[in-house]
Amino acid sequence: MNSGTSTHKKLTAMGLLIAIGVVFGDIGTSPLYVMRTILRANPHFDANYILGAVSCIIWTLTLQTTLKYVVVALRADNKGEGGVLALYTLIRKRGYRWLSVVAMLGASTLIADGVITPAITVTSAIEGLHTFSADMPIVPIVIAIISTVFFIQRFGTGSIGTYFGPFMLVWFLLLGVLGAVHLVDFPLIVKAFNPYYALKLLLSSPEWFLILGAVFLCTTGAEALYSDLGHCGRRNITISWLFVKAMLILNYMGQGAYIMGHLDSVHTGMNPFYAVMPDWLLIPGIVMATGAAIIASQALISGCFTIFSEAVHLNFWPTLKFKYPSVDKGQIYIPQINNLLYILCVVTVLLFQTSAHMEAAYGLSITITMLTTTVMLAVYLQQRFTPLWAVLIFLFVYLGIEGFFFLANLTKFVHGGWFTILLALVTGAVMRIWYRAWNIRRKYLKFKKLSDYYDVIRDLKADETVPKFATNLVYVRQSDDENMVEEKLIYSIVNKQPKRADHYFLVHFTNDDAPNTLDYTCHELIANTLYTIDIRVGFRVNPLMTLYLRQIVEDLIAQRRFDIRSGYPSLRKHNVAGDFRFIVIHRIYYASTVVSALDNITLHLFGFIRHIGVDDEQALGLDTSNVTVERVPFVVNNKYRQRIRRRE
């Protein structure tokens with residue numbers, strides 16, 4: 001898929017098909033377990049209960065998915081990208097420091113949802129085999145499928161992704177047809193469009209919180225829908241949602257009509273999704289459901305990769321190694337995250353065993369994500385000069401709706417909800433500690449005026465008594481201002497084994513709030529000697545130092561601003577290219593140098609957490625054969641002012 005705003009904004013038949021295949025996998029597999037969960041919420045269900053529950057589903061899909069996400073959230077795009085962290089980057093420049101905590105909370109709970117979704121969708125699909133044999137071993141089959149899904153991530157899904165759209169189109173048509181066929185079982189199910197029956201059920205039933213907790217599962221894929229904005233564009237998602245919503249509602253109504261027409265034979269242990277299928281369709285139906293579950297899982301896994309990629313660029317997470325297994329835009333593969341998600345998914349399956357038990361763990365974390373999105377959308381609307389009364393109404397309505405959903409799902413905490421909340425808390429804690437420690441370290445960095453050292457660098461270059469360290473010497477600069485440079489970098493060049501070179505490159509990476517930015521500026525501060533380069537990278541672009549520097553040098557050569565030939569006369573006369581050497585400075589923290597106890601603890605944790613990620617040289621894609629790593633003390637304050645005295 002090509003990037004660019006023009007491609008994303010075009011409404012095309014292919015765009016609609018891609019949206020159906022990529023965006024709606026999660027929400028499109030909800031019919032596998034929603035009605036079954038609703039039956040379990042009230043074992044003494046009757047026709048009025050089912051009618052009210054179906055009405056709740058219809059209006060949840062309308063108010064939550066359609067109005068909040070499709071109508072409002074999809075307009076809050078960051079250069080065509082959506083999702084909780086893309087929304088945060090869009091609004092963070094206006095202050096509101098507390099928004100970083102909200103964004104971390106939303107991202108961590110969405111990641112927790114990404115762990116439970118593949119487990120519950122695949123398990124729900126495979127459990128259809130119980131219609132043939134109640135003793136069928138489900139767990140080994142589920143683990144085998146999940147293992148395959150995670151294994152193929154390393155190869156990318158570009159080659160098979162083209163089949164997602166047609167497959168999911170058939171899947172949604174199957175949902176719609178199955179539902180429509182069974183409307184005749186109880187034609188009055190159409191009364192579910194009247195919100196009166198939803199309100200009547202919730203106000204009259206003492207189990208309203210259990211009902212809401214079950215109903216909420218029908219809209220859990222709405223957040224993933226917003227996150228996939230960058231893949232398909234707002235108009236393609238909006239138009240295709242009209243079709244998807246119609247098929248989903250038909251299926252839910254068909255399941256409800258079937259239950260109401262067979263009250264004597266329906267029980268809480270059955271799955272209405274498979275009950276509405278004729279016998280001859282069961283095997284193909286299970287295969288289709290499994291395929292849809294795999295596609296939904298694939299979308300959630302890719303979504304998690306995107307979240308972690310954005311988190312790294314926002315300094316919410318340690319640096320990770322990104323791979324791009326295909327030429328398709330947005331195809332990111334993060335080996336560490338893939339392995340971690342796989343282990344957690346398998347643990348989920350082994351821990352809960354059945355989809356019925358997983359339902360208890362499902363939904364709680366995603367309600368928190370939705371609450372955080374509501375808060376940030378309100379800030380977005382306020383920044384777009386939306387009337388205050390409209391912003392307050394939006395907040396009141398959706399904090400109210402999602403607050404009730406949160407309270408309803410909170411009852412699941414002891415029955416399994418603790419699992420996803422635990423995952424979210426651990427992830428969120430890592431984000432918060434890393435971000436705070438990063439800011440502490442930035443605060444205590446010492447900078448000097450680079451112009452004060454021009455003469456020193458010129459003289460060092462000309463001093464042939466100093467052994468030449470490299471023809472071209474490259475540093476990563478921390479300062480946003482090209483006229484300033486951190487003290488330790490100057491120390492490395494001048495004091496710590498003086499490094500004579502023909503050319504010095506001070507490269508700085510600026511993280512841009514747009515997703516796909518990739519450009520640079522280059523200034524020659526000392527003629528044919530000192531260059532500063534600023535490379536802007538979007539939050540979905542990998543900072544590949546070697547690749548980008550090579551391209552920049554090629555531009556300089558084409559402009560006759562740089563001579564690539566070696567500085568050694570014997571090699572220069574044969575037009576041999578000069579060598580490049582990279583210096584990476586690692587700042588080591590010593591506890592005795594910190595004043596604040598809280599900062600002390602934070603930086604200790606920072607040192608522990610950094611092992612989750614990769615070293616700077618790996619993150620920048622540097623060849624280790626031409627990289628020198630220098631470790632320097634990270635001194636933030638000198639607590640000890642005692643001076644030693646000479647003894648007479």
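Rings of Phe, Tyr and Trp count as a pair if their centres lie within 6.5 Å. I start my notebook with that, since ring pairs were what I looked up before anything else. I also note for myself that this is a predicted model.

**Entry: aromatic rings**

I found that ring pairs link Phe505, Tyr531, Phe562 and Phe580 into a cluster. In total I have 16 aromatic pairs for the structure. One of them joins phenylalanine 308 and tryptophan 317, in an edge-to-face arrangement. I wrote down 5.0 Å from centre to centre and 75 degrees between the planes. Are these two residues buried or exposed? I checked, and both phenylalanine 308 and tryptophan 317 are buried.

I came across a charge beside a ring as well. Lysine 499 has its charged end over the ring of phenylalanine 469, and I noted 5.7 Å to the ring centre.

**Entry: the two domains**

Next I turned to the domain assignment, which gives domain 1 (13–438) and domain 2 (446–634). How far apart do the C-alpha centres of domain 1 and domain 2 lie? I have 44 Å for that. I then looked at where the domains meet: 27 residues of domain 1 are in contact with 26 residues of domain 2.

**Entry: nonpolar cores**

The largest nonpolar core holds 156 residues, and I noted Phe24, Trp171, Phe172 and Phe316 as those with the most contacts inside it. Which helix gives the most to this core? My note says helix H7 (residues 99–126), with 15 residues.

Leaving aside residues up to four places away in sequence, tryptophan 171 touches Gly28, Leu32, Phe273, Met288, Ala289 and Ala292. There is also a second, separate core of 22 residues, and Val474, Val507, Leu620 and Val627 are among them.

**Entry: threonine 348**

I found threonine 348 in helix H18 (residues 335–352). Why does threonine 348 count as buried? I see that its relative accessibility is 0%, so threonine 348 falls in the buried class. For its neighbours I listed Val115, Ile116, Ala119, Gln353, Met358 and Phe419, again not counting residues up to four places away in sequence.

**Entry: helix H24**

In helix H24 (residues 487–495), I marked Leu489, Ile490, Ser492 and Ile493 as buried. They lie on the same side of H24, because they cover an arc of only 155 degrees around the axis.

I placed glutamine 497 in the loop between H24 and strand S4 (500–512). Glutamine 497 has a relative accessible area of 53%, and the cut-off for exposed is over 50%, so I call glutamine 497 exposed.

Asparagine 315 is another residue other than glycine with a positive phi, near 65 degrees. I found asparagine 315 in the loop between helix H17 (282–313) and H18. Its relative accessible area is 16%; buried means under 20%, and therefore asparagine 315 goes down as buried.

Conventions
Residues are numbered from 1 along each chain as its sequence is written. This is a predicted model: local features need pLDDT of at least 70, side-chain atom pairs count only at pLDDT 80 or more; totals for chains, interfaces and linings use all residues. Side-chain values use heavy atoms; hydrogens and water are left out. A nonpolar core is a set of buried Ala, Val, Leu, Ile, Met, Phe, Trp, Tyr and Cys residues joined through side-chain atoms within 4.5 Å. Buried means under 20% relative accessible area, exposed over 50%, partly exposed in between (1.4 Å probe, protein chains only). Helices (H or I, at least four residues) and strands (E, at least two) are DSSP runs, numbered from the N terminus. Contact means heavy atoms within 4.5 Å. The arc is that of the directions from the helix axis to the C-beta atoms. Rings of Phe, Tyr and Trp (its six-membered ring) pair if their centres lie within 6.5 Å; planes under 30 degrees apart count as stacked, over 60 as edge-to-face and the rest as tilted. A charge sits over a ring if NZ of Lys or CZ of Arg is within 6 Å of the ring centre and within 35 degrees of the ring normal. Domain bounds come from an automatic or database domain assignment.
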